[in-house]
Amino acid sequence: MSAVLGFIAIMTLIVGWWFAQQGLAVKPWLQVDGPAGAIQRDGPRYVPAQIGLGVFLAVVGSLFALLITGYLLRSEGGDWRAMPLPWLVWPNTLALVASGAALEWALSAARAGALDKARSGVLVALAGTALFLVGQFVTWRMLAASGNFVNSGPADSFFYLMTAAHGLHIIGGMVALARSHDRILRGERLDRIQISVELSTIYLLFMLFVWVLLLMVLSGGAAEFLALCGQILFDGGVP
């Protein structure tokens with residue numbers, strides 16, 4: 001139970017930090033009028049799409065937090081049988097990391113006005129995410145070949161459910177990437193292209209973070225770490 005509490009506390013801290021970074025806790029009614037009557041606003045300004053993405057990511061994060069919490073609670077049952085984690089998940093992770101790096105490069109190029117480089121970065125990210133999805137499908141086939149089906153046990157069911165939910169969100173990210181690529185090809189205004197690539201980058205990096213978290217939980221490496229965090233946070237000391 002301490003592992004679950006530790007996980008919830010960590011997720012709460014991360015979400016609170018993220019909202020603080022996005023300026024969503026700013027109280028506009030407390031802002032002070034300047035000498036010329038203009039409103040003085042502290043911090044960066046965000047377009048509605050950025051705020052919308054932030055709210056959407058909070059919802060997606062809550063979904064995966066619930067899945068992980070359910071996994072940790074169910075793993076304490078007496079009939080829990082750990083399943084082998086296919087080796088292919090590690091190369092798949094590298095494909096997703098490469099996609100995130102390519103998007104960071106594309107975003108830097110878009111901000112510098114180098115749209116050809118930005119387009120290349122978006123294409124590489126698209127290829128990386130497609131490779132990740134193909135690798136995940138092959139992982140499912142490897143599990144089925146070894147007798148680990150979706151109904152073979154609670155651990156198997158959670159693996160298929162978590163990876164399927166994550167894969168669907170990756171497909172959504174690929175749609176966003178395709179739209180960014182289309183905006184570059186059609187030669188839209190530079191600020192619109194920059195926002196589009198930036199939103200795609202934030203989304204894909206968030207899904208990379210979620211995948212790393214899922215991988216830690218599914219591999220069993222997160223249980224002891226979360227239990228330690230829960231003990232520190234709620235008991236006030238290291239065991």
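Angles under 35 degrees between axes count as roughly parallel, those over 145 as roughly antiparallel, those from 65 to 115 as roughly perpendicular, and the rest as oblique. The axes are lines fitted to C-alpha atoms, for helices over the stretch in contact, and the angles run from 0 to 180 degrees between N-to-C directions. The structure is a predicted model, in which local features need pLDDT of at least 70 and side-chain atom pairs count only at pLDDT 80 or more, while totals for chains, interfaces and linings use all residues. Residues are numbered from 1 along each chain as its sequence is written, and side-chain values use heavy atoms, with hydrogens and water left out.

The chain has a mean pLDDT (the predictor's confidence in each residue, from 0 to 100) of 84, and 74% of its residues reach 70 or more. Over residues 31-41, pLDDT stays under 50, and the model has eleven contacts beyond four places in sequence for this stretch; contact means heavy atoms within 4.5 Å. Where pLDDT is low, the predicted coordinates should not be read in detail.

Helices are DSSP runs (H or I, at least four residues; strands are E, at least two), numbered from the N terminus. Helix α4 (residues 115-145) packs with helix α6 (residues 190-218) at an angle of about 30 degrees, and their axes are 12 Å apart. The helices α4 and α6 are therefore roughly parallel to each other. The residues L115, V122, T129, F132 and Q136 of α4 meet L190, I193, V197, L204 and W211 of α6. By class, this contact of α4 with α6 has eight nonpolar, two polar and no charged residues; Ala, Val, Leu, Ile, Met, Phe, Trp, Tyr, Cys and Pro count as nonpolar, Asp, Glu, Lys and Arg as charged, and the others, Gly among them, as polar.

Within helix α6 lies S200. Not counting residues up to four places away in sequence, S200 touches L103, A176, L177 and S180.

Helix α4 also packs with α5, at an angle of about 160 degrees and with the axes 10 Å apart. That makes α4 roughly antiparallel to α5. The contact of α4 with α5 divides into 22 nonpolar residues, seven polar and one charged. Helix α5 (residues 154-185) includes A178, which is partly exposed at a relative accessible area of 37%. The C-alpha atoms of A178 and V122 are separated by 8.2 Å, although the two residues are 56 residues apart along the chain.

The axes of helix α2 (residues 48-74) and α5 come within 11 Å and cross at roughly 170 degrees. The helices α2 and α5 are therefore roughly antiparallel to each other. In this contact, V60, L63, F64, L67, I68, G70, Y71 and R74 of α2 meet P154, F158, L161, M162, A165, H166 and H169 of α5. The residues involved in the contact of α2 with α5 comprise eleven nonpolar, three polar and one charged.

Also found in helix α5 is M162, which counts as buried at 0% relative accessibility. Not counting residues up to four places away in sequence, M162 touches F64, L67, I68, Y71, L214 and L218. In sequence, M162 and Y71 are 91 residues apart, and in space they are 9.5 Å apart, C-alpha to C-alpha.

Terms used
Buried < 20%, exposed > 50% of the residue type's maximum accessible area, 1.4 Å probe, protein only.
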